[in-house]
Amino acid sequence: METLPTEIKNIIMDCYPYIKEFNPAQRHVIDSGYIETKSNYIIAIPTASGKTILGIMAALKTILNGGKAVYAAPLISIQNEKVKEFKEFEKHGIEVGKHPSSADLSVMVFESFDALTRFSWDTLREVDTLIIDEFHMIGEYSRGPTLECAITRAKIINPNLRIVALSATLQNMEEIEGWLEAKVVEHDYRPVPLNKEVLNTEMFNTSNKNEVVVKIVEKAIEDSSQALSFVSTRRFTESLSNYVSGKIKKKITSEQKNMFKKVSEAILEVPKRKGSRPTSTCLKLAESCENGAAFHHAGLFNEQKEIIEEEFRKGNLLMIAATPSLMYGVNLPSRSVVIRDYTRWTSQGPQAIPVFDYEQMSGRAGRPQYDDVGFSYLVAKSLDEACDLQEKYIHGEIETTNSKLIENKDAVYKQIISQVASSLSKNPEEIQNFFKMTFYGYQMTNNPSMSLFAEDSLKYEIETALEFLLKNGILQATPDGLKATAFGNLIAKSNYTVETSVKLKEYATQLEELDINELIYQLSLTPDLPLISFKGRKSKDPVREKLSEKGLFVMNIGNSEATTVALLEWIDERSEYEIENAYNVYSASTRRSAYEASLLVKFFKNILEVLGRYNYSRDLDYLSARLYYGVRDDLILLVIGVKRLGRKRARALIKTFGEDLRPINETQLQKIEGIGPKLAKNIRVFVQNY
């Protein structure tokens with residue numbers, strides 16, 4: 001602490017009182033001149049070694065000198081967590097928010113920062129320091145291209161921007177160092193030592209991997225600690241959690257039982273507050289939580305996931321069974337991590353996870369301030385398999401991090417559109433020059449075996465992409481160079497994929513009469529709508545029958561069709577409980593899908609208007625509102641006009657008093673369940689002024 005500038009030291013000591021001194025990894029970074037210099041930095045130290053604090057030091061130095069800093073993170077869950085953490089700085093006069101136009105320190109997801117580099121250049125030029133969390137995701141297929149192109153554009157528009165990348169150690173750090181023009185500081189210190197083991201079922205005289213997990217959880221109970229278990233699918237999270245719950249219930253104390261019961265009750269309260277009976281998934285989760293085990297996946301209500309995360313942090317749950325997506329989510333460490341499944345389902349069938357992902361999951365083991373050691377267990381079926389896994393994951397090296405920009409065709413399209421729409425590139429040569437500056441371009445030109453072909457290869461990819469964009473009316477050639485069409489500008493200013501945009505435009509051009517059932521199905525076929533998935537292998541006939549009833553005749557029934565039906569039922573005011581029971585889907589994600597669908601409807605309306613078709617604008621506004629609120633046509637004005645009324649109370653009002661609420665006084669209104677004095681007053685104000 002002594003070597004830090006006084007003002008930075010005081011803020012850190014006040015906002016992070018548990019930090020008494022810096023660990024060896026942090027001291028190594030500070031001693032390298034990190035605070036004094038303005039150079040770009042890549043800080044590569046293990047998980048839970050205090051990378052965030054190091055990033056914040058650079059941000060604080062910038063802000064105290066009158067500048068602005070952006071902290072970029074890959075996921076909204078991490079963004080929300082960091083905003084909450086950094087709000088402590090406001091005691092010291094530092095404004096914290098989610099956009100640099102209104103904050104000294106802003107926490108942005110990668111996509112939002114990318115948008116800043118495309119259309120908010122004045123704001124971007126005000127940013128002095130960019131801290132990138134989970135920088136190793138630059139090699140990931142979906143978010144990696146967005147990150148590398150945002151960094152490339154930011155360096156062009158704001159050449160004085162200091163970039164601090166917080167990363168796990170990568171195999172090809174020298175290559176990344178060269179591209180980012182940064183100093184790399186690596187250290188292997190981990191505050192909580194990590195023991196990695198490969199277990200196999202034969203060691204425990206069983207053929208069931210779940211039994212191995214049970215043994216680990218039982219050992220955790222003896223040690224007054226917790227376990228985090230990773231499996232490959234949602235269904236497996238549920239089956240493992242319920243299996244462990246049934247096995248450990250005799251091991252827990254009456255005090256623990258009471259504590260777990262409160263968690264279970266909180267889980268069941270979530271759907272009730274939303275006007276739905278608990279779904280079978282909710283009941284299964286609550287039952288499992290009663291014995292201290294929980295499952296965590298995208299098919300739960302968001303509030304339920306938050307409860308599980310918070311209670312686990314407090315020590316009020318013994319185990320969480322989760323899908324691998326949790327390794328990049330909120331900070332949720334535990335003393336023991338069990339990787340039961342080392343394969344994932346892909347379009348090519350089951351594939352072994354990369355060594356890098358194994359390291360990320362293992363890195364969750366060991367909680368700073370709580371544990372003196374962490375344990376990571378990979379579970380094999382047999383001794384032979386265990387030897388293979390030991391060689392691959394314990395002793396093997398992580399994979400080289402390569403740019404996925406050119407592999408992701410949609411990313412190539414989107415970045416070309418962005419370059420042209422923002423007037424940074426006006427011809428193929430300028431576009432090619434931009435791509436040469438990306439991580440992909442750097443890797444190609446600096447690879448001895450590829451450098452001879454790099455330019456021709458890049459030229460071919462860009463020409464092919466331009467042909468597609470010109471053909472689909474996204475870009476146009478003019479005497480002044482390439483320009484974005486009105487449709488192209490619409491895509492550039494959105495976060496939607498080019499695939500979604502082109503699909504919806506094609507549908508719009510063929511549209512003779514608006515059919516909302518068909519439109520919702522078309523939205524469900526796009527990659528931008530989060531899908532509601534089937535829970536198991538039960539009959540899909542109810543979905544097929546509902547689609548037929550709505551005039552949609554489909555041969556193959558999958559998650560897109562399940563999503564369509566769930567959304568159609570949602571705007572018919574069905575609850576999650578009713579949707580799940582009728583169609584055997586993870587209905588808790590209906591609200592998220594409906595929210596995204598409501599935004600996509602607005603985007604579709606914009607596409608129609610770009611095509612000069614305004615005749616459906618009002619109908620689409622109504623459909624967007626119906627999806628957002630989950631109501632039939634007759635409730636739209638009421639739920640929009642009275643904040644926090646909601647569809648259940650709105651429907652009860654109409655059923656009780658009819659459509660004309662003007663004669664109804666506040667006392668009468670309060671007879672409806674859930675309507676208090678304040679809400680009754682708001683309803684009266686609305687009906688009198690409408």
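Hi everyone, let's start at a pocket: strand β8 (194-200) and helix α14 (355-362) each supply at least two residues of the lining of the second largest pocket. Helix α14 gives the largest share of that lining, three residues. Helices (H or I, at least four residues) and strands (E, at least two) are DSSP runs, numbered from the N terminus.

Before going on, a word about the model: it is predicted, so local features need pLDDT of at least 70 and side-chain atom pairs count only at pLDDT 80 or more, while totals for chains, interfaces and linings use all residues. Residues are numbered from 1 along each chain as its sequence is written, and side-chain values use heavy atoms, with hydrogens and water left out.

Back to our pocket, which holds about 520 Å³ of space. Its lining has 19 residues, and the closest to the centre are Pro46, Ala168, Thr169, Lys196 and Glu359. A pocket here is an open set of points on a 1 Å grid over the protein atoms alone, where a 1.4 Å probe fits, with protein on both sides within 12 Å along at least five of seven lines; lining residues have an atom within 4 Å of a point. The volume is the space filled by probe spheres set on the points, which are joined across faces, edges and corners.

Now the domains, whose bounds come from an automatic or database assignment. They are domain 1 (6-186), domain 2 (194-394), domain 3 (409-493), domain 4 (498-630) and domain 5 (635-689).

Where does the largest nonpolar core lie? First, its make-up: the core has 76 residues, and Phe113, Phe135 and Leu180 have the most contacts inside it. Such a core is a set of buried Ala, Val, Leu, Ile, Met, Phe, Trp, Tyr and Cys residues joined through side-chain atoms within 4.5 Å. Buried means under 20% relative accessible area, exposed over 50%, and partly exposed in between (1.4 Å probe, protein chains only). Domain 1 and domain 2 both give residues to this core, so it lies between them. Zooming in, Phe135 touches several residues, including Leu147, Ile151, Trp179 and Leu180.

Last stop, Ser325: buried or exposed? Ser325 is exposed, with a relative accessible area of 53%, and sits in the loop between β11 (319-322) and β12 (336-339). Ser325 and Ser232 are 93 residues apart in sequence and 9.6 Å apart in space, C-alpha to C-alpha.

Key
Contact = heavy atoms within 4.5 Å. Lists of a residue's contacts leave out its neighbours within four places in sequence.
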